[in-house]
Amino acid sequence: MKNHYLIFSVFVLLFAACTHETPLPEGTIFFTETSEKLTNPERGLYVQKYYTPADLEDTIALITVETNRDFSNITLYLHSYYMTDTASGSPSYIESDLPQEFLDRFERNMNTLRAGGAKAILRFSYKYTKSVYEKPWDATPEWAIRHIEQLDPYLKKHADVIYCVQAGFIGVWGEWYYTTNYPMNPSKDEAYATRWPVAERLMEAVPSDRQICFRQPQFKMRYLRSHGMEVAPLTAGEAYQPTIKARWAGHNDCFISSESDVGTYHNDEEREFWAEDTKYTLMGGETCELCEYSGGANAVKEMEKYHWSYLCNSYRAEVLRQWVNDGYFDEIENRLGYRFVLDNAYLTQEPKAGQKFDAQITLHNAGFAAPANKRDVELVFVSVDNPDQKYVYPQSEDPRFWMAGEKRVIDLGCTLDANMKGKYKLYLNLPDPYESLHNDPRFSIRLANENMWDPVNGYNYLTVITVE
């Protein structure tokens with residue numbers, strides 16, 4: 001197996017050492033990187049599961065979520081909900097409200113994911129076959145908007161376990177191509193006008209801190225252009241705002257499957273747009289064809305370029321097997337999304353109760369991407385003699401800007417409580433900001449280092465300090 005991500009990390013460290021202008025101070029603590037596969041939230045391989053109206057009792061089992069987490073490091077599920085079924089006599093909601101049983105099933109699934117320590121990639125659509133005998137392939141814009149209105153309160157209620165939402169609703173599989181009720185593959189921006197109200201209503205329904213992923217870069221580019229906005233990738237200053245430009249992301253379901261990724265791209269402008277835009281927006285999906293472009297080395301190169309965070313664990317099997325045979329699959333699995341490696345830390349050398357405590361840490365991101373969703377950062381002090389005595393100090397750092405391929409020096413700190421005396425274990429905690437998940441260690445980020453992870457609390461251990 002080629003440990004390419006380790007070679008990459010070593011290169012980052014060597015570069016940092018060669019360019020460091022001043023020697024690290026005495027007392028600096030150094031940490032060791034691990035090659036272990038990590039079970040981290042909001043990144044990595046995902047399991048896909050499809051739901052149809054044929055069996056509204058069909059839900060995901062808690063044992064499935066727990067087993068995939070414990071044995072396969074999987075914390076993501078693509079849940080595709082179809083609002084019709086091709087089986088004879090099965091119900092169709094193309095021209096009717098979604099029944100309460102449909103919404104109840106969605107809620108049960110989200111509760112199960114939360115209980116199992118996982119999150120959902122969501123997609124809603126109408127048909128899963130492009131057979132001409134199965135037309136209409138989708139609902140009218142009016143019915144699609146009505147269904148989004150019904151889903152709205154459920155999406156907001158379960159925002160904590162939504163990783164992202166794929167645009168869906170239009171076209172077979174919800175991929176915005178094979179469509180009955182919208183112009184199919186038009187060349188002019190104005191021909192897309194009937195799609196935008198559906199996308200805009202979905203933007204309102206999906207919680208404002210979550211991104212919506214579109215199947216091709218042209219959709220975002222056409223929307224920006226037709227609404228008088230500059231067609232330019234996001235900048236750091238625009239990122240992570242509750243705007244369409246910041247929240248519209250991508251998914252590629254024919255990754256490296258032809259020269260154009262089977263129509264994903266139409267020109268180099270679209271490729272370069274996604275390469276830059278995905279620094280601050282999500283990218284993920286699946287492969288669909290084995291071809292001359294689908295080798296493991298090219299997969300790594302393309303995932304680096306387009307900042308991949310999530311990938312189907314089963315489709316297409318022939319391509320995934322090639323990556324295994326090429327010796328690249330483990331690297332891809334480890335580097336999907338973020339992979340934070342702590343290099344060193346320098347702490348206040350003689351900390352005193354009631355006074356300022358500084359912690360300067362240096363880390364690098366060996367993953368393909370930065371986190372897409374907000375993440376808290378905390379310094380946690382736990383008494384060695386009395387573990388129930390704990391002090392938590394929130395920080396203002398934003399891990400969404402800990403960019404892939406970059407080393408970052410981060411200044412953390414706090415004013416120690418006046419009652420702190422004695423020895424304390426110091427931890428770095430990167431918990432989920434939602435109150436429902438904040439104290440659940442399964443939703444905290446584990447650093448890619450040896451001998452640091454506290455699985456009981458979800459903390460990353462730094463050292464023991466003595467407070468005078």
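Is Asp 160 buried or exposed, and why?

Reply: In this predicted model, Asp 160 counts as buried because its relative accessibility is 4%, below the 20% limit for that class. Asp 160 is found in the loop between α4 (141–157) and β5 (162–166). Leaving aside neighbours within four places in sequence, Asp 160 is in contact with Arg 114, Lys 119, Arg 210, Asp 432, Tyr 434, Ser 436 and Leu 437.

One of these contacts, Arg 210, is itself buried, at 3% relative accessibility. Arg 210 forms a salt bridge with Asp 209, their closest N and O atoms lying 3.6 Å apart. Asp 209, in turn, counts as partly exposed, with a relative accessibility of 35%.

Glu 107 is buried, at 16% relative accessibility, whereas Lys 157 is exposed, with a relative accessible area of 56%.

Finally, the nonpolar surroundings may be considered. Leu 122 is among the residues with the most contacts inside the largest nonpolar core, which has 77 residues. Residues up to four places away in sequence aside, those that Leu 122 touches include Phe 106, Leu 155, Ile 162, Cys 164, Val 165 and Gln 166. Apart from this core lies another, of 32 residues, with Phe 357, Tyr 424, Ile 465 and Val 467 among them.

Conventions:
Residues numbered from 1 in each chain as written. Predicted model: local features only at pLDDT ≥ 70, side-chain atom pairs only at ≥ 80, totals over all residues. Heavy atoms only, no water. Core = buried A, V, L, I, M, F, W, Y, C linked by side-chain atoms within 4.5 Å. Buried < 20%, exposed > 50% of the residue type's maximum accessible area, 1.4 Å probe, protein only. Contact = heavy atoms within 4.5 Å. Helix = DSSP H or I, 4+ residues; strand = E, 2+ residues; numbered from the N terminus. Salt bridge = Lys/Arg side-chain N within 4 Å of Asp/Glu carboxyl O.
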